[in-house]
Amino acid sequence: MSTTKTINLKNRPNGKPVLADFDIVSSEITELKEGEVLLSSKYVSVDPYLRGRMSNAPSYIEPFELDKPIASGTIAEVLESKHSNFSKGDYVSGMLQWKETQVATADGLMKVDPKKAPLSAYLGILGMTGLTAYLGLTEIGKPKKGETLVVSGAAGAVGSVVGQIGKILGMHVVGIAGTDEKVEMLKSEFGFDEGINYNTTEKMIKAIEKACPNGVDVYFDNVGGEISDAVLNNINKFSRTVNCGAISVYNNTEVPKSTSVQPFLIKKSSSMQGFVIFDLVDKHPQGIKQLTEWLLEEKLNYTETIREGFENIPQAFLDLFEGKNKGKMVVKL
Ligand SMILES: NC(=O)c1ccc[n+]([C@@H]2O[C@H](COP(=O)([O-])OP(=O)(O)OC[C@H]3O[C@@H](n4cnc5c(N)ncnc54)[C@H](OP(=O)(O)O)[C@@H]3O)[C@@H](O)[C@H]2O)c1
């Protein structure tokens with residue numbers, strides 16, 4: 001039986017994950033059975049939410065098991081097929097294990113067309129993060145033309161798309177990101193009206209007030225924590241906060257004693273709603289259709305940070321917490 005390189009979860013991270021939490025091992029490639037396909041991984045997505053699956057706290061998705069492979073969104077080539085829907089040479093997208101080569105059941109795999117878009121785009125703008133941006137903003141944020149949208153984590157995979165959709169919908173869009181270079185990119189490449197570097201801005205409440213002269217109507221929150229507190233200080237009556245992510249607290253080792261968002265929400269009759277993109281699965285086809293249309297019309301733009309090499313998957317994941325990506329972080333094998 002032949003073997004393949006595999007990345008297992010070695011330890012449950014304590015605080016910020018480190019390379020020693022991962023193990024690169026060799027595992028056997030199982031025999032191909034009816035209904036299965038043999039796949040060669042081409043692009044692997046690394047995502048902040050994987051941090052949650054590395055701990056064993058109850059969540060909307062099962063934790064990873066220790067000494068077992070990690071899995072994430074992956075684009076793979078079919079090497080051999082025992083399923084009528086897939087043939088050798090097809091490219092598929094699915095939730096696959098961090099393995100160079102693997103046998104997987106064909107259920108849950110979706111064919112992707114490399115002639116319509118670069119393969120990596122199916123992990124970002126035409127995949128989970130694009131859908132999160134589009135459905136999170138439109139379904140939960142309920143944006144209206146002329147309103148002000150603030151996006152945190154704005155230069156990342158989700159945030160950069162949220163801001164652009166805000167512009168397509170006629171909003172005043174302000175992005176918050178971690179470097180001057182990212183802030184510049186938001187304005188020059190993605191059409192944001194204003195950008196704020198949270199690492200160099202001392203008075204975030206004031207900076208947001210200045211960038212949003214009419215207050216904040218929709219806050220698309222990717223980071224949580226102090227940045228979000230500063231935005232909430234500026235929300236308008238009947239505003240909406242979309243709780244998409246909270247990366248600034250994913251590595252916390254202690255649960256905060258209390259949160260203080262309620263007074264902001266009460267005073268402004270404002271709402272705050274969390275969501276998980278898998279809740280909106282019935283809307284995914286329409287979302288992909290809309291994102292594809294906007295891409296073809298060149299109303300949407302996207303950027304990616306592409307790392308190379310199977311062994312570099314864990315480092316790429318760690319780098320998300322250091323802000324080392326612009327747009328979607330993927331690893332090319
Ligand atoms: N609800 C859902 O279904 C769903 C789906 C997908 C993603 N998400 C969430 O959406 C958020 C964005 O995901 P993504 O895939 O687009 O990742 P991403 O934004 O491409 O990458 C993470 C970014 O977060 C920023 N960051 C890291 N640590 C931070 C900190 N302590 N404070 C503030 N910012 C920090 C960094 O940018 P800076 O340089 O700007 O700091 C980094 O580039 C994540 O919180 C993720 O969990 C939710």
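Phe238 is found in strand E12, which covers residues 235-243. The model is predicted. Phi of Phe238 is near 65°, a positive value in a residue other than glycine. Phe238 is also exposed, because its relative accessible area of 54% is over the 50% cut-off.

Ser269 is another non-glycine residue with a positive phi, here about 45°. Its place is in the loop between helix H7 (262-267) and strand E13 (271-274). Ser269 is partly exposed, with a relative accessible area of 36%.

## The ligand shell

Which residues come nearest to the ligand? They are Lys182, Tyr198, Tyr250, Ile277 and Asn325, out of 29 residues around the ligand. By class, the shell divides into 18 nonpolar, 10 polar and 1 charged. Helix H2 (128-141) and helix H3 (157-168) each supply at least two residues of this shell. The largest share, 3 residues, comes from H2.

A polar side-chain atom of Tyr198 lies 2.5 Å from an oxygen atom of the ligand. For Asn325, a polar side-chain atom also lies 2.5 Å from a ligand oxygen atom. Ala157 uses its backbone: an N or O atom there lies 2.8 Å from an oxygen atom of the ligand. Taken alone, the ligand exposes 910 Å². The protein buries 90% of that area.

## Helix H3

Is H3 largely enclosed or open? It is largely enclosed by the rest of the structure, because 10 of its 12 residues are buried. The buried residues are Ala157, Val158, Gly159, Ser160, Val161, Val162, Gly163, Gln164, Ile165 and Gly166. Their cover includes H2 and helix H8 (284-296). Strands also take part in that cover, among them E8 (148-152), E9 (172-177), E11 (216-221) and E15 (328-332).

The length of H3 agrees with expectation. At 1.5 Å a residue, its 12 residues should span 16 Å, and the end C-alpha atoms are 17 Å apart. Just after H3, Gly170 takes a positive phi of about 85°.

## Ala157

Ala157 is found in helix H3. Its relative accessibility is 17%, so it counts as buried under the 20% cut-off. Leaving aside neighbours within four places in sequence, Ala157 is in contact with Thr129, Gly327 and Lys328.

Ala157 and Ile7 are 150 residues apart along the chain. Their C-alpha atoms are separated by 24 Å.

## Met204

Met204 is found in helix H5, residues 204-211. It is buried, with a relative accessible area of 12%. Beyond its neighbours within four places in sequence, Met204 is in contact with Ile176, Ile196, Tyr198 and Ala230. Tyr198 is also one of the residues that come nearest to the ligand.

How far apart in space are Met204 and Lys88? The C-alpha to C-alpha distance is 54 Å. In sequence they are 116 residues apart.

## Two buried threonines

Thr148 is found in strand E8, one of the elements that cover the buried residues of H3. Thr148 is buried, with a relative accessible area of 2%. A polar atom of its side chain lies 3.4 Å from the backbone oxygen of Gly215. Not counting residues up to four places away in sequence, Thr148 touches Met171, His172, Cys212, Asn214, Gly215, Val216, Asp217 and Val218.

Thr74 lies in strand E4, residues 71-81. At 1% relative accessibility, Thr74 counts as buried. The backbone oxygen of Ser72 lies 3.0 Å from a polar atom of the Thr74 side chain. Leaving aside neighbours within four places in sequence, Thr74 is in contact with Ser41, Tyr43, Val44, Val92, Ser93, Gly94, Leu96 and Leu123.

Conventions: Residues numbered from 1 in each chain as written. Predicted model: local features only at pLDDT ≥ 70, side-chain atom pairs only at ≥ 80, totals over all residues. Heavy atoms only, no water. Helix = DSSP H or I, 4+ residues; strand = E, 2+ residues; numbered from the N terminus. Buried < 20%, exposed > 50% of the residue type's maximum accessible area, 1.4 Å probe, protein only. Polar contact = N/O pair within 3.5 Å; in protein donor to acceptor, adjacent residues only side chain to side chain. Contact = heavy atoms within 4.5 Å. Near = heavy atom within 4 Å. Areas by Shrake-Rupley, 256 points an atom, 1.4 Å probe, with all protein chains shown as cover. Nonpolar A, V, L, I, M, F, W, Y, C, P; charged D, E, K, R; others polar. Expected span 1.5 Å × (residues − 1).
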